[in-house]
Amino acid sequence: MSRVVVIGCGGVAQVAIAKCCQLDNIFTELCIASRTISKCVALKEKLQPTTKTKITTRKIDANNLDEVVALFDEYKPELVIHCGMPYHNLVIMDACIKCKVHYIDTAAYEPENVLEEEWRKVYEKRVKEKGFHAYFDYASYQWGYDKKFREAGIIGLLGCGFDPGVTQAYVAYAKKHEFDRIDTIDILDCNGGDHGYKFATNFNPEINLREVSAPAAYFEDGKWHTLEAMSVKREYNFDGVGMKDMYLLHHEEIESIAKNFPEVKRIRFYMTFGKSYLEHMRCLEDVGMLSTTPINYEGKEIVPIQFLKALLPDPASLGERTVGKTNIGCIFKGVKDGKEKKYYIYNVCDHQESYSEVGSQAISYTTGVPAMCGALMILLGKWNSIGVHNVEEFDPDPFIEALDKYGLPKSETYNPVMVD
Ligand code: NDP
């Protein structure tokens, strides 16, 4: 018996909810709480006839602490899976402390308004001291909740999607089973899917475009190295997908892997992008459409990137038209029993198979399934260390077993082509 709240009803949430409903002996009661109640009701109507999970819905503003606390007080969940926007992580974490509810999210906190004075001060200090420019980081905000979570006796599981999320479980798994020492990690995120649009993002456009237009960064020899966005390109032949161009990006799991595996000398993250996506992104950036700074248009305040989001296809609607596969994983170099060793662990996920199972494309699927599996780990007591943790701090075995079973099986190779 468990009572779980899912916040958000977009692409990722819809998969996490559908997967929870497949395990209705564990997820016995579930509340879908989001901004647009009609989406929650439509999802409930679609899923309820297929599951014994008792689904309820609730309109909520996740930015309003009182509303989130009122929902938790009334519904009394054991756990919340936050699949809304990362802007609301801290509000929801505060509500979890107040009401003693376990917490899971899929993306590191960043603010909606990056001009906000207090946040800006913290950000500029971090850029100066550490030298990486992404709007998100774990150290300045969410890791600081550890003591309060331990005092409340609850677990905060950060970044439990695929990347961040499964990629860190792969690191923990490699360290547990394959290496005495890991020297380098390259995380490779390939989306070989085609949705037929000239330009659309596969997950929330605001967060996606912020991420890819930020300066690139990697971690080597204890410090961050920052480069111009999209300035490092490599080609890689991905299993199930084929040859793709990929670009060095900063990504949130680099920060937590660097903290939790200090032996690793270099951690990099690459993501594939097609030519059309990059051309559109550059053009939109050049004309100011990616700006997060509000402008005044005919007496109304508009945030350009939010207006752009309104024009772009909803990522949750891409499922039906997306074909092809994703391939996401980690390549390691290190030492086992005194010998140098290479190892590549990854998952290949098919967009159309995801769509026929849960009605969503593979990007939402590869994020929503791990969020459900993370919840499963906590509800079954397999991950039970209170406080705020990233995925790699827990035993990877039961989680990877659950991923294998519920739709994201791992593949492994001991002779991977390395990225130069
Ligand atoms: P969507 O934009 O599809 O969904 C976001 C949902 O949050 C929507 O249902 C939206 O409501 C809801 N929401 C927004 N603001 C509020 C609010 N104030 N109160 C309540 N609900 C709100 O995004 P995705 O599903 O694509 O992404 C969800 C999260 O997953 C993001 O944080 C993203 O960064 C992360 N992600 C993580 C990945 C990983 O591998 N770790 C990969 C992909 C995504 P409405 O329906 O009204 O718009």
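Is D420 buried or exposed? Hold that thought while I set things up. What we have here is a predicted model, where local features need pLDDT of at least 70, side-chain atom pairs count only at pLDDT 80 or more, and totals for chains, interfaces and linings use all residues. Residues are numbered from 1 along each chain as its sequence is written, and side-chain values use heavy atoms, with hydrogens and water left out.

Okay, back to D420: D420 is exposed, at a relative accessible area of 64%. The labels go like this: buried is under 20% relative accessible area, exposed is over 50%, and partly exposed is in between, using a 1.4 Å probe and protein chains only.

D420 also makes a salt bridge with R234, with the closest N and O atoms 2.5 Å apart. By salt bridge I mean a side-chain nitrogen of Lys or Arg within 4 Å of a carboxyl oxygen of Asp or Glu. R234 is partly exposed, at 27%.

Next pair: K341 and E178 form a salt bridge too, at 2.6 Å from N to O. K341 sits in strand β16 and E178 in the loop between α7 and β7, so this pair ties together parts that are 163 residues apart in sequence. Helices (H or I, at least four residues) and strands (E, at least two) are DSSP runs, numbered from the N terminus. E178 is buried, at 9%.

How many salt bridges does the structure hold? There are 24.

One more pair, then: D350 and K325 have their closest N and O atoms 3.4 Å apart. D350 is buried at 16%, while K325 is partly exposed at 31%.
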